[in-house]
Amino acid sequence: MEVYLAQPRGFCAGVVRAIEIVERALEKYGPPVYVRHEIVHNKYVVESLKNKGAIFVEELSEVPPKSVTVFSAHGVARSVEEEAAARDLPVLNATCPLVTKVHNQGKRYITKGRTLILIGHAGHPEVEGTMGQVPGPVLLVQSVEEVNALTLPADSPVAYITQTTLSVDDTRDIIAALQARFTDIQGPDIRDICYATQNRQSAVRDLSKLVDVILVVGAANSSNSNRLREIGTEAGVASYLIADGSELNPEWLKDARTVGVTAGASAPEVLVDDVIEAMRRIGPVKVQVLPGREENIEFRLPAQLAAS
């Protein structure tokens, strides 16, 4: 069986930074370190950090006084930051810098007196954090239909921002609908959309031209991993989202000569290796890495950890 690995795949710079913040905090301050929400959406990553002494909570009320607290890569609402400050919790903010950039764009648009529209998925922690960071009402839209259902006058001054785990391709139709609907609209430059999301989706499109089946390594609650599977399916290739090699169904590969493998931005390479090993147990495998865009972006750590 020919196996093609997408390039790029797996961890992005924001995820690498978030995990490193937890690991360095554990080294510097000693366990336990409390993390609000899953640091990234991947069970393997979360469990490995738990084993090192991280404790994951959903609410700050679960964090004991004076305990080192990390905010996840998805970002948090201002109310969470204020609660942490009121309780005097030492906080390390692992919010992805690209998410912070979206927060700042939203704040700028609001201060200019524009009605803010957020393109994203309801209930996603990043969306909740963004809506909670912006000092004013935010209208969430998830589809062209929801744009058309907006009741604002056509000449309202509006602006839009997008969830970072959506790509240029994901948002193109919604942005076009907004631009058709409103006469006075502003939005961020297309280059501001998360490079990692776009690159991984483009790599899956390239992969889909070469293979009979696509396996996406990632968590069921990972927005970007689910989208990679959808893109493979939309391209007409049988595509499956699997957490690791234990979830590989041999039936999927029965008639496949070529299999494409990629991984969501929060899935470590060790899980890709695990899936390939599971394939080797089914039959002989020849692995080839496709050429793709090289990513060499690194994000700085918080000052408290940078020198440690």
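Predicted model: local features only at pLDDT ≥ 70, side-chain atom pairs only at ≥ 80, totals over all residues.
1. A search through the whole structure turns up one aromatic pair. The partners are Y240 and W252, and their rings are stacked, with 4.0 Å centre to centre and 5° between the planes. Residues are numbered from 1 along each chain as its sequence is written, and side-chain values use heavy atoms, leaving out hydrogens and water.

2. Where do Y240 and W252 lie? Y240 is in strand β11 (residues 238-242) and W252 in the loop between β11 and β12 (258-263), so the pair ties together parts 12 residues apart in sequence. Helices (H or I, at least four residues) and strands (E, at least two) are DSSP runs, numbered from the N terminus. Y240 is partly exposed at 23% relative accessibility, and W252 is partly exposed at 22%. Here buried means under 20% relative accessible area, exposed over 50%, and partly exposed in between (1.4 Å probe, protein chains only).

3. Strand β11 also belongs to an open sheet of five strands, in the order β11-β10-β12-β1-β13 with parallel pairing. Two strands pair if DSSP finds at least two bridges between them. β11 and β13 (286-289) stand at the edges with a single partner strand each, so one side of each has no neighbour in the sheet. β1 (residues 2-5) pairs with β13 in the parallel sense over four bridges, and Y4 stands opposite Q288 in β13.

4. Now to the helices beside this sheet. α8 packs on the sheet and touches β1, β10 (213-217) and β12, its direction making about 175° with that of β12. α9 (residues 223-234) lies across β10, β11 and β12, at about 165° to β11. Contact means heavy atoms within 4.5 Å; axes are lines fitted to C-alpha atoms, for helices over the stretch in contact, and angles run from 0 to 180 degrees between N-to-C directions.

5. How many residues of α8 are buried? The helix is mostly covered, with 11 of its 14 residues buried; among them are Y195, R200, V204 and L207.

How values were computed
Phe/Tyr/Trp six-rings, centres within 6.5 Å; stacked < 30°, edge-to-face > 60°.
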